[in-house]
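Please keep the sequence and the 3D view open while reading.

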Amino acid sequence: MVRAIRGAIQVDANDRDAVISGTTELVSAIMERNDLTPDDVISVLFTATPDLTAEFPALAARKLGFHEVPLICCTEIDVPGALPRVVRLMAHIETDRPRSEMQHVYLRGAVALRQDIAQ
């Protein structure tokens with residue numbers, strides 16, 4: 001079956017290291033909590049708030065071994081009052097596990113975005 005897993009993290013600053021380390025933390029947590037390998041991943045969509053321009057979040061996934069996984073980065077809609085410096089992702093995966101067992105991961109300040117599903 002194909003499933004989608006969501007996640008987000010608020011990073012400390014608009015600099016390359018903060019974007020890469022925050023995205024690495026997010027992707028690693030999603031992979032670990034859902035017992036996944038890059039071979040289980042079909043594709044990943046990354047978004048970043050408009051205030052994050054220092055680096056592409058997908059670079060962190062490439063560094064984690066996502067060499068053959070299609071990745072794309074987009075800028076989120078600039079909504080007034082939105083939480084700043086947030087990287088989000090939606091990963092499409094292949095799994096036999098039911099949707100109810102998928103663990104969505106929201107880290108740091110991004111927990112406030114989806115307290116209903118954040119684990």
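The chain carries 12 positive and 17 negative side chains, and the centres of these two sets lie 4 Å apart. In this count Lys and Arg are positive and Asp and Glu are negative, while His and the chain ends are not counted; each charge is placed at NZ of Lys, CZ of Arg, CG of Asp or CD of Glu. The model is a predicted one, in which local features need pLDDT of at least 70 and side-chain atom pairs count only at pLDDT 80 or more, whereas totals for chains, interfaces and linings use all residues. Residues are numbered from 1 along each chain as its sequence is written, and side-chain values use heavy atoms, with hydrogens and water left out.

**The chain as a whole**

The secondary structure comprises two helices and five strands, where helices (H or I, at least four residues) and strands (E, at least two) are DSSP runs numbered from the N terminus. Read from the N terminus on, these elements follow the order β-α-β-α-β-β-β. The chain is as compact as a globular protein of its length, because its radius of gyration of 13 Å is close to the 14 Å that the globule rule gives for 119 residues. That radius is taken over C-alpha atoms, and the globule rule is 2.2 Å times the number of residues to the power 0.38. Along its principal axes, the C-alpha trace spans about 40 × 30 × 20 Å.

Of the 119 residues, 41% count as buried; buried means under 20% relative accessible area, exposed means over 50%, and partly exposed lies in between, with a 1.4 Å probe and protein chains only. The chain exposes about 6400 Å², of which carbon and sulfur atoms supply 52%, the areas coming from the Shrake-Rupley method with a 1.4 Å probe, where for residues only the protein chains shown count as cover. Among contacts (heavy atoms within 4.5 Å) between residues at least 6 apart in sequence, 82% join residues at least 24 apart.

**How the strands pair**

Two strands are said to pair if DSSP finds at least two bridges between them.

| Strands | Direction | Bridges |
|---|---|---|
| β1 and β4 (residues 86-94) | antiparallel | nine |
| β2 (residues 41-48) and β4 | antiparallel | seven |
| β1 and β5 | parallel | three |

Single residues can be followed across these pairings. Arg 6 stands opposite Met 90 in β4, and Ala 48 stands opposite Val 87 in β4. Ala 8 has Arg 88 as its bridge partner in β4, and Ala 8 also stands opposite Tyr 106 in β5.

**Two residues of strand β1**

Ile 5 is found in strand β1 (residues 2-10), and it counts as buried because its relative accessibility is 0%. Although Ile 5 and Ile 93 are 88 residues apart along the chain, their C-alpha atoms are separated by 7.7 Å. When residues up to four places away in sequence are not counted, Ile 5 touches a set of residues that includes Ile 30, Leu 36, Leu 89, Met 102 and His 104.

Ala 8 also has its place in strand β1, and with a relative accessible area of 0% it is buried. Its neighbours within four places in sequence left aside, Ala 8 is in contact with residues including Leu 26, Val 86, Val 105, Ala 110 and Leu 113. The C-alpha atoms of Ala 8 and Ser 21, which are 13 residues apart in sequence, lie 13 Å apart in space.

Asp 40 is found in the loop between α1 (16-33) and β2, and it counts as partly exposed because its relative accessibility is 23%. Leaving aside neighbours within four places in sequence, Asp 40 is in contact with Asp 35, His 92, Ile 93 and Glu 94.

Which phi value does Arg 85 have? Its phi is near 55 degrees, a positive value in a residue other than glycine. Arg 85 is found in the loop between β3 (71-75) and β4, and at 26% relative accessibility Arg 85 counts as partly exposed. Arg 108, placed in the segment after β5 (105-107), likewise has a positive phi near 55 degrees, and at 35% relative accessibility Arg 108 counts as partly exposed.
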